[in-house]
Amino acid sequence: MPDYNDFLSRIYEILKPFAKHGRILNEDSELVTELGLTSLQVMELIEQIEDHFDISVPLNILPDIRTIRDLALQLEKLTN
Amino acid sequence: MSLFDKFKPIVDIRAELAKLGVMPFGAVTEKLLSSTEAIVNGHKVILAGTNNYLGLTFDPQCIAAAKQAVEEQGTGTTGSRMANGTFAEHIKLEQELAAFFDRRHAIVFSTGYAATMGMASTLAGPGDVIVLDADSHASIYDGVRMSGAEVIRFRHSDAGDLEKRLRRLGERTANTLIIVEGIYSMLGDPAPLADIAAVKRECGGMLLVDEAHSLGMLGAHGRGVAEAAGVEADVDFVVGTFSKSLGAIGGYCVSNHPELEAIRFGIRSYIFTASPSPSVIASTRVALRLMQERPELREHLWNNAQRLYDGLEQLGFQVSPQVSPVVAVTIKDRNQAIAWWNELLQRGAYVNLVMPPASPTSDSLLRCSVSAAHTTEQIDRIIDAFATLQPTSMAAAD
């Protein structure tokens, strides 16, 4: 089973293109307000995570996710 | 921080549009000249974005039935189906819908939104799972959110992705509801229902299909994509609307499951709203009959769809992936789409402007929907209007 750090490093990898202007991604980076992801891009991020870890992520967890940490924590909860 | 802060993006877009001098989401139809022509924002236009697929809104028999119903039963029912709002005609329409779809049970709703949202929010609940197509209509998303079920998306029209997700669920497919549409409203692409039904047979779950944009268009009887694909037996619930092919307003769900009669009393959008007005029921019943009596309407519709599709494709526009009564032109640059929508209006063609997040991608759409009532000459005038469009900013007709 993947753990928090596995999810975290995968999220960093996928979100690299959003780390513009020398910004360094960290667990507190906010997906929408800080990195500027649209709702469509959030769904694409989720799809890539689903494919990589062979899991399905319910939409129900999305309202609780603001930061990269929130997402990694929810994914860990989902799979463990 | 105020309650209004979250509306800022909408306020900004409205201001931007006002600066450009266009308000595409507030276009006013000032006078209807027929089912295919009107005066919109002061311009005489061909209506090319109405979903009036069979052109029945001005059919004399539908109008006569609606007038008679108003005179005999009044302007409204003033009550819920569960209270004083069930008239004999509501029951008759339910029986006629069940007969048309060759299913044992039918429910009539006050709107298509209420039908789809109501079924999606009621069939599955806490502890259940809903697996839905990613490009599902807002009414489906609203419904599943209200359901309390676990909600999982699969990639648009990708039966393989659906299968993967159902397999991950294992035994939980026993209480899983799969939701897809027949024809998707924005690009007009039909669902690969034969493949989806095969996955359902293999993996389990129940299947609900929203045929809002396919009723009267596909299948030997016009029952939609499920009939055309020969998989009606695999579809547990069909939902749809009276506001497109049938030219009125309202919605329905049909099913062979006897439980639908009990489910009816658990659907909040059925219970806590007034039932459809007598005139609406009356014109819908006639339209349902005419749709069956006049298969030539379907033939006209598809001829018109093919002509518009070919015409726009030949002009170099990026049209929908397949011919259907919805012909959408994809435009990358939002401002270009807005400018062209406005030009089309001035040149006599009213189409729908669709921008993200309503469009399925980050692109914008000029969405046309054709009608059986359009003449060949009207279709050619729509194509001619598109032919005059010139790129006004960075985007070309890509």
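**Exercise 1.** At what angle do helix α4 (residues 112–122) of chain B and helix α5 (residues 138–147) of chain B pack, and how many Å apart are their axes?

Solution. The model is predicted.
Step 1: the angle between α4(B) and α5(B) is about 35 degrees, and their axes lie 7 Å apart.
Step 2: the crossing of the two helices is right-handed.
Step 3: residues of α4(B), among them Tyr113(B), Met117(B) and Ser121(B), meet residues of α5(B), including Ile140(B), Asp142(B) and Val144(B).
Step 4: sorted by class, this contact has seven nonpolar, six polar and one charged residues.

**Exercise 2.** Find which strands of the open sheet in chain B stand at the edges, and explain why one side of each has no neighbour there.

Solution.
Step 1: the sheet has four strands in the order β1-β2-β3-β12, with mixed pairing.
Step 2: β1 (29–32) and β12 (349–350) of chain B each have a single partner strand, so one side of each is left without a neighbour in the sheet.
Step 3: β12(B) runs parallel to β3 (residues 43–47) of chain B, and two bridges join them. In β12(B), Ala349(B) is the bridge partner of Ile46(B).
Step 4: helix α13 (residues 334–346) of chain B packs on this sheet and touches β2 (37–40), β3 and β12 of chain B. The direction of α13(B) makes about 105 degrees with that of β3(B).

**Exercise 3.** Determine which element gives the most to the side of chain B that touches chain A.

Solution.
Step 1: chain B puts nine residues into the contact and chain A seven residues.
Step 2: β6 (150–154) and α6 (159–169) of chain B each supply at least two residues of the chain B side.
Step 3: β6(B) gives the most, with four residues.

Conventions
Residues numbered from 1 in each chain as written. Chains lettered and ligands numbered in written order. Predicted model: local features only at pLDDT ≥ 70, side-chain atom pairs only at ≥ 80, totals over all residues. Axes fitted to C-alpha atoms, helices over the stretch in contact; angles between N-to-C directions. Left-handed = near helix turned anticlockwise from the far one by under 90°. Contact = placed C-beta atoms within 7 Å. Nonpolar A, V, L, I, M, F, W, Y, C, P; charged D, E, K, R; others polar. Pairing = 2+ DSSP bridges.
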